[in-house]
Amino acid sequence: MNTVNYLEILRLAAPETIVTVTVLIVLGADVTVMRGKSIAARFNVGALLSILGCIFAALLAFTRHTEANLFNGLMVVDPSSDFVKVAILALTVFTILISTSARFTDHVGEYLSLILLGTIGLMFLVSTEDLLMVFIALEFASLALYILTAFNKHNEKSAEAALKYFLFGGMSAAFLLFGFSLLYGISGSTNLREIAVGIAGKGFDPLLLVALVTTIIGFGFKVAAVPFHLWAPDAYEGAPTPSAAFIGSGSKVASFYVLAKIFTLGFVGAEGSAVWHGYLSGWTPVFAIVAALSMVLGNLTAIVQSSVKRLLAYSAIAHAGYMLLGVLSNTPASASAMMFYVITYALTTIGAFGVVMVVEEATGGDAIKNFAGLSRRAPGLSLCLLIFLLSLGGIPPLAGFIGKFFLFSAAVSAGANLGLLWLVILAIAMSAVSFYYYLRVLKAAYVEDAPGEAPAIKVPLLTFLALVLLALLVILFGCVPGLLTQFL
Amino acid sequence: MIWIVKNLWLIPALPLFAAGIIAVNKQPARKLAATLAIGSLAVGFLLSLCAFSATLGHHGEGVFREVFSFPWIQFGGQWMDLGWVLDPLTAIMLVMVTFVGMLIFIFSVGYMAHDENFMRFFCFLALFAAGMLGVVIANNLFLFFVSWEIVGLTSYLLIGFWYHKPSAAAAAKKAFITTRIGDLGLLLGMVWLYAQTGTLNFYDGGHGCMESTQLVKMATQVTIGGFAVSTVVGFLIFLGAVGKSGQFPLHVWLPDAMEGPTPVSALIHAATMVAAGVFLVARVYPLMAQSPLLHGTMWLDTTPMLIIVTWVGAITAIFGASIAVAQNDIKRILAYSTVSQLGYMMMGLGVGGVAVGMFHLITHAFFKALLFLGSGSVIHGCHEEQDVRKMGGLKKYMPVTFAVYAVGMLALAGFPLFFSGFWSKDEILHSAHNWPVSHIPFLLGCTGALFTAFYMTRQVALVFFGNYRGHQQAGTPSAHAHSHASESSHDPHESPAVMTVPLVILAGFAILLGFVGTPAWPWFDGYLTGEEFKFDLSKLTEPGTLGLMIASAAIVFTGLGLGWFLYGKRPRKTVAEKDVLEAAQPFFYKVLENKYFIDEIYEGTVIRFNAFAAWLCDFADRWIFGGAVMLVKYITVGLAWLYRLTDEYFVNLGFDTGCEALRESGGGLSKLQTGRVQTYLRVIGVALVALIIFLIWGRKA
């Protein structure tokens, strides 16, 4: 191993470094300058500082065109991972913007710092090709998310959800670490490319199969795919809404990116086949099963939910199923379609959670009946909700439609002889089912009347700004998808 | 290009503009309406004089002709031009229409003074003038057709001006529909012409459809029935002229059109619009006269189309003149006279060319306008009475009207030497006499002339001579004493100056105009054809000309004398008295009085057939097509019922069951979410084992 050039590390990890410095500044400012000020002021100043830091980091990541590989893949910088970092930072900015009106905590500095720390974990997660680094970054990000879930101390559901999330996460992490250790044992390396070389020709060693399944369990937990999704509805419902939005967006983008990386780089030769009547053992058939289960269970269970946050959680599970389709198709086209899908999905989800948060603050609950008469009480807000939910359902010309179109057409053309068509047909049938529950929410907002006295809802300015911006992005990426696909 | 050619469009545009302004103004702005209408025509008249002067002084250089065109609309790769033409034909018509029109407008101010719709009247009149002037200047059959239809529309509106009278409304409808039959021919001819030549411009520097290249092309192509294309197209266009100019057999609308106000009858249904058909034939005369290259056969120096024109004209001339003999409505007599005179014009075009027909058109416009306005003055003076049997002795009450009416009557009758009608009619008869094809049109024309002199004498004798019979009730004889009892307010009275002055001016022209076209000084002929001519009194005494003039004069005198002998010498005593002719020849009188029963024949044939066809269509529509539709309806309803059943009991039920199952499965699956973290973790373990077994089993398979 060469001598370590720390300056080189700092230079390559400059975006992460900037965010780290931002964390310190935000925390420091909150406990010194802003001490004794109102929560709103503290939130606004903290959010401003955080957003400035994120934008600075994002600009840096976006404008540098560096390719570097430090320490045998521990730290890998390339335009692709830089762009994913930009996306994660953008999602963080939106999460912070919708958090500003939240009133569940008075620990403003800590809350914002934790979001930024989670972001740092996710950024490291996407810029490595080494299993150890993957695990460390994943756990770093997860710890921040556990705490964020528990942050509403006035609500015992928040604590319960966090505990469940933590236990489930711990168990998954154990499986993941177990799998990683098996992989290291089989191949003699923690570097993904070397693992691929090491497992080549090993055939289907039972140990390799166990490693495969445990790795899938670890990431299946992160992306909330069936049957590793059980934490998600409880966590989404119990967590403070901005936290849930962050779990559902930034974390998901990074997880999918690194999931695809691990399996397409590290498990070369162990793909197997998921085509209809052409089944071969490997990781793609496992993904096929997980994806199919996620789509069916996520969509069907969402139908019966009465809480919109739980509904969004099951919708997230279903969407994870669609996105796994992009991973298991295993072509460059499907990978870029999957990234397009997950980024636009993350934007839409933050928007949806943002609307839920406003409604929750105004009506005291997130049940579908709390949305009744929303179009009269807050026309702009419900128009944003309409755009987000229709995009999630996949209505043209919104981003959700074009994402599904890219993803499904990539999947259809991936398998030989339309072998993956069965999954695509299932996916399309299940997206048809999904309209039912999205429209239930919209029906409440647009058709039903609010019970009793229903004054107009005052939407916090910053939140509304973020929601409008998100809605415009959803429309923009739906109409001009080239703006996004050129980077993927 | 001289300025007047470029700005010729102003002449029709001014009255159009005036009509627009009148239309949007609030009632009642009588002064404004009259001033605008008369003023626009006065300015138009001055411009027309400029245009006229520009066409003068070109004798011996061929026909003066300048065109102005601009591209208007594109079909595929082809541009259609619109434009106007200034040539002697246009110029002389412009002067005539604007001048006569202006006089009639002025007359109308007096005649319509008490009408509550004065403004509407002037709006229509101005619109009519715009259309008519558009017809005159058009250098394009399309523009011509558009203006032609505007003219037709205003004619309809003005005939039915007193629409509260059922007879007026019916007459308007009749005029519109009858002329429409002719217009159909014109439209077909226009389309065919465009298909053949690719242009609708009359003159276009050698490319127009009235210029030799295109004419020869059309004449050499043979179509249906072995006729040349030029003949068939000419015939179709001629149909339009037949409808508009009231030629037999489409003349039936013109007498009924007298339901309109008298100035309208004078302007539209005597002087200008009905002459538009004659003008159309004159405009497309090169097409009509294009020999279909059948030299050496029976056509000598004429063409099939001109023979048709001649015969139609001759038949119309004698036809109208004979009916006029037995009419009792002052305006109807004049209307049939107009039909007859239009026949003469057509005949003139057929046998003698543009100059002959157009000369009669111009002179007729003046003296017939004079007669109609005179009759208007009479009707006005007699408290809206139109029956000549209830007039009489008006000479005493209306001296000015009587004087000018006499001038008009003598001009129409063709009194020798001093009246314009003599010269123009004589020229037609002269040409007919020399016509190589047949002598019958000439004989018909002469007979018509006899009738003309006779019926005009009859009319004047009945209206102006004898005693006033207006106070008698119809059917009560010998109220003679009473009629002269006093100069009561019910007596006829002379019309105001605003009405009589135009009459006097028109009378002047009715006399003078004849001298521009005598055989001794054929200025008019030279002007239109662009040929040399000189003043030569000896032409008058040439054997052919002189003999014919004497014969023609003899015919006129016979007619006048006969009329005077029958009606003037023994004035009619009572209203109910039988007509002299009726007493002598009841059968013929009956036939003539009923206009040869043409209306009845149409009633019995065309209209009955139409009614039958309508009934048949109604029947077919109701029972056959309607039945088919009903059948389809019942089949559709039956199918719809079937579909509904299928939908309700199979599809929907199935779908509902499916949805229910989905929802229940959702409920079932959500049971998985127990909320107990132990279960959650157990699921992971189970999943791990299941997936590994799945993979290992798959590997073995």
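Helix 15 of chain A (332-363) passes helix 18 of chain A (399-414) in a left-handed crossing, a crossing being left-handed if the near helix is turned anticlockwise from the far one by less than a right angle, and right-handed if clockwise. Helices here are DSSP runs of H or I with at least four residues, strands are runs of E with at least two, and both are numbered from the N terminus. This is a predicted model, in which local features need pLDDT of at least 70 and side-chain atom pairs count only at pLDDT 80 or more, while totals for chains, interfaces and linings use all residues. Residues are numbered from 1 along each chain as its sequence is written, and chains are lettered from A and ligands numbered from 1 in the order in which they are written.

The axes of helix 15 and helix 18 of chain A come within 9 Å and cross at roughly 155°, where axes are lines fitted to C-alpha atoms, for helices over the stretch in contact, and angles run from 0 to 180 degrees between N-to-C directions. That angle makes helix 15 of chain A roughly antiparallel to helix 18 of chain A, since angles over 145 degrees count as roughly antiparallel, under 35 as roughly parallel, 65 to 115 as roughly perpendicular and the rest as oblique. Among the residues that make this contact are A:A337, A:F340, A:Y341 and A:T344 of helix 15 of chain A, and A:G403, A:F406, A:L407 and A:A410 of helix 18 of chain A; two residues are in contact if their C-beta atoms, placed from the backbone, lie within 7 Å. By class, the contact between these helices has twelve nonpolar, five polar and no charged residues, with Ala, Val, Leu, Ile, Met, Phe, Trp, Tyr, Cys and Pro counted as nonpolar, Asp, Glu, Lys and Arg as charged, and the others, Gly among them, as polar.

Most residues other than glycine have a negative phi, and most peptide bonds are trans. A residue is called buried if 20 or more other C-beta atoms lie within 10 Å of its own, exposed if 12 or fewer, and partly exposed in between, with C-beta atoms placed from the backbone. A:A224, in the loop between helix 9 and helix 10 of chain A, also has a positive phi, near 60°, and counts as buried with 29 C-beta neighbours inside 10 Å. In the loop between helix 17 (379-393) and helix 18 of chain A, a cis peptide bond joins A:P396 and A:P397, with omega about 0°.

The contact between the chains takes 27 residues from chain A and 22 residues from chain B. On the side of chain A, helix 7 (156-187), helix 9 (206-223), helix 10 (231-238) and helix 13 (283-303) each supply at least two residues, and by class that side has 22 nonpolar, three polar and two charged residues.

Chain B has 28 helices and two strands, and buried residues make up 50% of its 701 residues. The peptide bond from B:F248 to B:P249 is cis, with omega near 5°, and B:P249 lies in the loop between helix 9 (229-244) and helix 10 (253-256) of chain B.
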